[in-house]
Structure formats: C-alpha cells, structure tokens
Amino acid sequence: MIKKIIAVCLLSAAVVSCKKETAVPDGKPANDSIAKNETKEDQYKPIDTACSANNKTEDYITALQWYRTKIDKEIAGNSPEKNNKVYEDYVKIRDKYTNCFNDSQTEILDKYIDYHTNEPGTEHLPDNIKKMAAELDKVGLEFREMGEGLTEIHSLPGYYESVFKNKVTPDYGAYISQLAKDNKENYAVNGGLLITWEELGDRLIEWENFINKYPKSPLIKAAKDNYNNYLLDYLLGMDSDRIYDSEEGKIYDDKKEAYHRLIKKYPNSNTAKKTKELVAAYDAHTPVDQIEERINLKR
C-alpha cells in the first residue's frame with residue numbers, strides 16, 4: 001500500500017528559513033502566496049484506507065484523485081522496474097478505498113437494479129445517482145451490475161492499463177492488459193458462466209501464453225492461479241453450468257464442440273492436452289468423481 005505522504009514539516013521549515021534569509025526591498029513583506037499554496041497542497045492527507053462511517057463520498061473521491069496525481073508524477077520519473085512496484089501498491093490502495101466505498105453506499109447499491117434499465121446511458125437514473133456516477137468516473141470507477149440483482153462499485157476494466165501502459169516492464173504490461181480484457185464483462189454469476197465456452201478457452205490460451213513467455217516474472221504465481229481457476233471451470237464445469245449429461249452419459253454437445261474447436265486451434269497447448277484427456281476419460285466412461293484425479297488437475 002502506498003503510504004509515502006510528503007513530509008511537510010521539512011518543507012515548512014525550509015520556507016521559514018528562506019523568508020529569514022531573503023532580502024525584502026523597502027521593508028515590504030515578501031509575496032509568499034505561491035509557497036503558501038504549495039504548502040497547503042502538500043499538507044493534504046488522504047483519508048485512512050480503514051473504513052469509517054464518518055467518511056463521505058467526496059472524501060473518497062478527493063483521496064483517489066490525490067493518489068492518481070501522486071502516481072502520475074512518480075511513474076513519469078521512474079524506471080519500469082520501479083513502476084512495477086508502484087502498480088502493485090496502487091492496486092492495493094485503490095482496492096481498499098473501493099471496498100470502503102461499497103460498504104458506505106449499500107443503500108444506493110441495493111436499489112440500483114430497481115431503477116436501472118438495459119438501455120444505454122443513465123437517463124433513467126435519479127439525479128443523485130447520475131451525479132455519483134459522474135464522480136466515480138473521474139477516478140476510474142463505475143457502477144457494475146454483477147447479476148442476480150447485485151451491483152458493486154469497481155474500477156473501470158481498462159483503468160490500470162491507461163495509467164501504466166508503456167510505464168512498466170513487458171511482463172507487467174502484458175499482465176495488466178490481459179486483466180483489462182478479462183474484466184470487460186462479468187465472468188460468472190451464481191455458479192453459471194456469463195461468457196461463452198469458446199471465450200473461456202481463449203482466455204486459457206492467453207494466460208498459458210503469458211506463463212510460457214514470462215516464466216521468471218514476479219507475476220507468474222498470480223498468472224498461474226488465474227490459469228488454473230479458469231481451467232477447473234473449463235474442464236469440470238460449474239454448479240449451474242455442467243459439462244456432462246449424466247442421463248445421456250456424455251459431454252453436452254455444445255461443450256464438446258467448443259473442446260474440439262480449441263484442440264484444433266491450439267493443438268500444442270497444455271490446455272488442448274488437458275482437454276483431450278478429459279474427453280478421453282468421459283469417452284471411456286470414467287466415473288465423474290474420478291475425472292479430476294484422472295486428468296491430474298490442481299486446485
């Protein structure tokens with residue numbers, strides 16, 4: 001978490017020292033309005049990331065704007081390697097503020113689905129919600145409907161890419177870009193997939209390519225976790241999105257078509273290898289409760 005708040009005491013002392021040493025013609029006081037403005041700005045302290053009922057919407061917005069300005073200045077003069085760490089810290093602090101924001105806006109979030117429609121724009125939202133949506137947008141946040149009547153405040157899918165593009169090392173850039181793609185639409189709700197099985201297969205390949213290209217990246221564990229989580233869903237199905245028809249004793253036709261499409265498109269991938277093993281196991285009528293062990297999937 002970014003906690004480097006500028007030490008204004010030293011700056012203030014420096015300003016006082018400069019005043020004492022500066023010659024002022026005709027005994028008139030020096031014009032120190034610029035120094036005062038800078039000191040006031042530097043003295044701003046963003047609200048704590050620990051959630052508090054005393055914090056208002058404007059407190060969160062101001063804090064997020066302050067951190068964005070701070071980050072922009074930092075990354076402009078940093079090496080890509082240093083900016084990797086800046087990115088990690090920035091994500092942590094934004095996540096904490098966003099979680100607090102969600103906690104503080106439960107009344108609005110609970111009602112959001114009632115007056116929001118599928119029509120584009122926010123013309124059907126009450127004025128106070130339109131205003132808040134505009135404020136959220138200033139700091140890269142949005143209302144996002146998660147499904148099943150649930151609405152949350154999230155970072156815009158491409159927010160971090162817009163901040164750190166070409167400012168971090170290639171592996172971090174690729175990772176941030178892939179997360180932006182993944183977050184463009186909701187993945188699943190209530191145990192059911194919201195993207196197509198083909199799209200899920202493509203995500204798997206993209207994460208597999210990242211793992212193969214950047215095996216020494218500090219992000220490799222996170223990338224493997226993403227890959228393995230997607231792979232489990234892809235090969236074992238989800239609570240509300242099964243892959244196997246127990247009555248017919250076979251993989252559902254649409255799932256099998258998607259599997260064959262991936263195997264043909266990416267024949268040398270680990271994902272294709274595991275998919276072949278899955279199809280072969282079901283074709284051999286392996287008991288469902290033994291499938292995971294049979295194809296050696298990691299949880």
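User: How many helices and strands does the chain have?
Analyst: There are 13 helices and 6 strands in the chain. Keep in mind that this is a predicted model.

User: OK, and how much of the chain counts as buried?
Analyst: Buried residues make up 39% of the 299 in the chain.

User: Now the inside. Which residues have the most contacts within the largest nonpolar core?
Analyst: Phe143, Phe164 and Tyr259 do, and that core has 72 residues.

User: Let's pick Phe164. What is Phe164 in contact with, leaving aside its neighbours within four places in sequence?
Analyst: Phe164 touches Ile71, Ile75, Asn83, Val86, Tyr87, Tyr90 and Ile176.

User: Switching topic: how do H10 and H12 pack, parallel or antiparallel?
Analyst: H10 covers residues 220-236 and H12 covers residues 270-283, and they pack at an angle of about 30° with axes 11 Å apart. Angles under 35 degrees count as roughly parallel, so H10 and H12 are roughly parallel to each other.

User: Which residues make that contact?
Analyst: H10 contributes Tyr227, Leu231, Tyr234 and Leu235, while H12 brings in Asn270, Thr271, Lys274, Thr275 and Leu278.

User: And by class, what does the contact of H10 with H12 have?
Analyst: By class, the H10 and H12 contact has 5 nonpolar, 3 polar and 1 charged residues.

User: Last one: is the crossing left-handed or right-handed where H10 passes H12?
Analyst: H10 passes H12 in a right-handed crossing.

Definitions and conventions. Residues numbered from 1 in each chain as written. Predicted model: local features only at pLDDT ≥ 70, side-chain atom pairs only at ≥ 80, totals over all residues. Heavy atoms only, no water. Core = buried A, V, L, I, M, F, W, Y, C linked by side-chain atoms within 4.5 Å. Buried < 20%, exposed > 50% of the residue type's maximum accessible area, 1.4 Å probe, protein only. Contact = heavy atoms within 4.5 Å. Axes fitted to C-alpha atoms, helices over the stretch in contact; angles between N-to-C directions. Helix = DSSP H or I, 4+ residues; strand = E, 2+ residues; numbered from the N terminus. Parallel < 35°, antiparallel > 145°, perpendicular 65-115°, else oblique. Left-handed = near helix turned anticlockwise from the far one by under 90°. Nonpolar A, V, L, I, M, F, W, Y, C, P; charged D, E, K, R; others polar.
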